[in-house]
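Biologist: I'd like to go through the strands of this model with you. Can we take them pair by pair?

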Amino acid sequence: MKENNKPKRNQPYCIRTFRCPECGNHAYASKIGAVTGNGHKKKMYCPWCMEDRNMVQVDFIKHR
Ligand SMILES: [Zn+2]
């Protein structure tokens, strides 16, 4: 029996909401595994500014 060696499917993941500090628009980023807390900063491309911004996480939704 090799049941325990199977890769996990349906891993829990979360969708995080980030806000651009320049234009105030929201962008979304998914993440598998550990969740980062609100206030987390992430350098992301902002499609509205058309530049990389240090976006701030303002919300997250867990899925599993
Ligand atoms: Zn922006």
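Biologist: How many bridges join strand S3 to S4, and what makes them a pair?

Modeller: Keep in mind that this is a predicted model. Strand S3 (residues 41-46) and S4 are joined by 6 bridges and run antiparallel. Two strands pair if there are at least two bridges between them, so S3 and S4 count as paired.

Biologist: Which residues of S4 are the bridge partners of Lys-41 and Cys-46?

Modeller: Lys-41 has Val-56 as its partner in S4, and Cys-46 has Glu-51. In the hairpin of these strands, 4 residues lie between S3 and S4, and Met-50 takes a positive phi near 60°.

Biologist: How do you know that S1 and S4 pair too?

Modeller: Same test! Strand S1 (residues 13-19) and strand S4 (residues 51-63) share 7 bridges in the antiparallel sense. The cut-off is at least two, so S1 and S4 are a pair. For instance, Cys-14 is bridged to Lys-62 in S4.

Biologist: What is the order of the strands in the sheet?

Modeller: The order is S2-S1-S4-S3, in an open sheet of 4 strands with antiparallel pairing.

Biologist: Why are S2 and S3 said to stand at the edges?

Modeller: Strand S2 (26-32) and S3 each have a single partner strand, so one side of each has no neighbour in the sheet. From one strand to the next, the twist averages 45°.

Notes
Residues numbered from 1 in each chain as written. Predicted model: local features only at pLDDT ≥ 70, side-chain atom pairs only at ≥ 80, totals over all residues. Axes fitted to C-alpha atoms, helices over the stretch in contact; angles between N-to-C directions.
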